[in-house]
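Here's a quick tour of a protein fold, written for someone who is new to reading structures. Have a look at the picture first, then work through the points below.

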Amino acid sequence: MPVSDHARFEKDSLVLQVRGGKAVLPARDVEQVYDCRMADPVAHGDEDFHIVLTRTEFFLLGPFLDGGLGAIDALKAVRPEIPVASRFVGRVPFRYRQRGWLRLFPIPGAGRGPTRDLTGFGLTSGGGEDE
């Protein structure tokens with residue numbers, strides 16, 4: 001039976017298990033966390049999700065990723081000094097969309113990528129006081 005995509009926080013690291021692969025991000029390497037929502041909730045849903053940034057890459061934890069919210073809460077508890085900013089996401093590149101038939105819709109999935117890929121997300125300020 002295949003292991004489902006999930007996230008967890010263990011041993012001071014964010015662990016992302018996606019498509020059978022495992023990525024580990026030590027909490028000390030996290031430079032910022034974006035609390036995200038889609039810019040158009042009517043068309044794309046209004047569930048919260050997260051983008052975790054390092055100097056060279058990001059981790060995307062979509063709204064339906066098992067354990068995603070708990071992993072982010074644990075990361076923030078261990079490293080409360082990490083800057084957190086609100087962002088609206090205008091679009092989700094195909095590669096970063098939820099797998100399965102939902103991939104036809106711009107619903108954030110889970111994964112990691114180089115920070116240069118973030119330009120494809122159409123990020124704008126979420127207007128929070130944590131900017």
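Among contacts in the protein chain between residues at least 6 apart in sequence, 60% join residues at least 24 apart; a contact here means heavy atoms within 4.5 Å. This is a predicted model, where local features need pLDDT of at least 70 and side-chain atom pairs count only at pLDDT 80 or more, while totals for chains, interfaces and linings use all residues. Residues are numbered from 1 along each chain as its sequence is written, and side-chain values use heavy atoms, with hydrogens and water left out.

**The overall picture**

- The protein chain has two helices and nine strands, where helices (H or I, at least four residues) and strands (E, at least two) are DSSP runs, numbered from the N terminus.
- Reading from the N terminus, the order of elements is β-β-β-β-α-β-β-α-β-β-β.
- Of the 131 residues in the protein chain, 44% are buried; buried means under 20% relative accessible area, exposed means over 50%, and partly exposed is in between (1.4 Å probe, protein chains only).
- The protein chain has an accessible surface of about 7200 Å², and carbon and sulfur atoms account for 53% of that; the areas come from the Shrake-Rupley method with a 1.4 Å probe, and for residues, only the protein chains shown count as cover.

**Strand β4 and its partners**

- Strand β4 (residues 32–38) pairs with strand β5 (residues 49–53) in the antiparallel sense, over five bridges; two strands pair if DSSP finds at least two bridges between them.
- Q32 has L53 in β5 as its bridge partner.
- β4 also pairs with strand β7 (residues 84–89), this time in the parallel sense and over six bridges.
- In that pairing, R37 stands opposite F88 in β7.

**Salt bridges**

- Side chains of opposite charge can pair when their charged atoms come close.
- The whole structure holds six salt bridges, each being a side-chain nitrogen of Lys or Arg within 4 Å of a carboxyl oxygen of Asp or Glu.
- One of them joins D48 and R37, with the closest N and O atoms 2.7 Å apart. This pair links distant parts of the chain, eleven residues apart: D48 sits in the loop between α1 (41–44) and β5, and R37 in strand β4.
- D48 counts as partly exposed, at 42% relative accessibility, and R37 counts as partly exposed too, at 36%.
- Another joins E57 and R112, whose closest N and O atoms are 3.0 Å apart. Here E57 is in strand β6 and R112 in strand β8 (residues 110–114), 55 residues apart.
- E57 is buried because its relative accessible area is 19%, while R112 is partly exposed at 39%.
- D117 and R95 form a salt bridge as well, with the closest N and O atoms 3.2 Å apart. D117 lies in the loop between β8 and β9 (123–125) and R95 in the loop between β7 and β8, so the pair ties together parts that are 22 residues apart in sequence.
- D117 is partly exposed, with a relative accessible area of 21%.

- Which residues of helix α2 (residues 68–78) are buried? They are G68, A71, I72 and L75.
- Seen down the axis of α2, these buried residues fall within an arc of 100°, so they line one face of the helix; the arc is that of the directions from the helix axis to the C-beta atoms.
- An α-helix has 3.6 residues a turn, so residues three or four places apart point the same way.
- L69, D73 and A77 are exposed on the other side of α2.
- The cover over the buried residues of α2 includes β1 (6–10), β2 (13–18), β4, β5 and β6.

**A buried threonine in a loop**

- T54 lies in the loop between β5 and β6 (57–61), and counts as buried because its relative accessibility is 9%.
- The T54 side chain reaches the backbone nitrogen of T56 at 3.3 Å.
- Leaving aside neighbours within four places in sequence, T54 is in contact with L25, D29, E31 and T115.

**Two residues with positive phi**

- Most residues other than glycine have a negative phi, and most peptide bonds are trans.
- K11, in the loop between β1 and β2, has a positive phi near 50° without being a glycine.
- D12 is also placed in the loop between β1 and β2, and has a positive phi of about 60° although it is not a glycine.
- K11 is exposed, at 79% relative accessible area, whereas D12 is partly exposed at 49%.

Methods
Polar contact = N/O pair within 3.5 Å; in protein donor to acceptor, adjacent residues only side chain to side chain.
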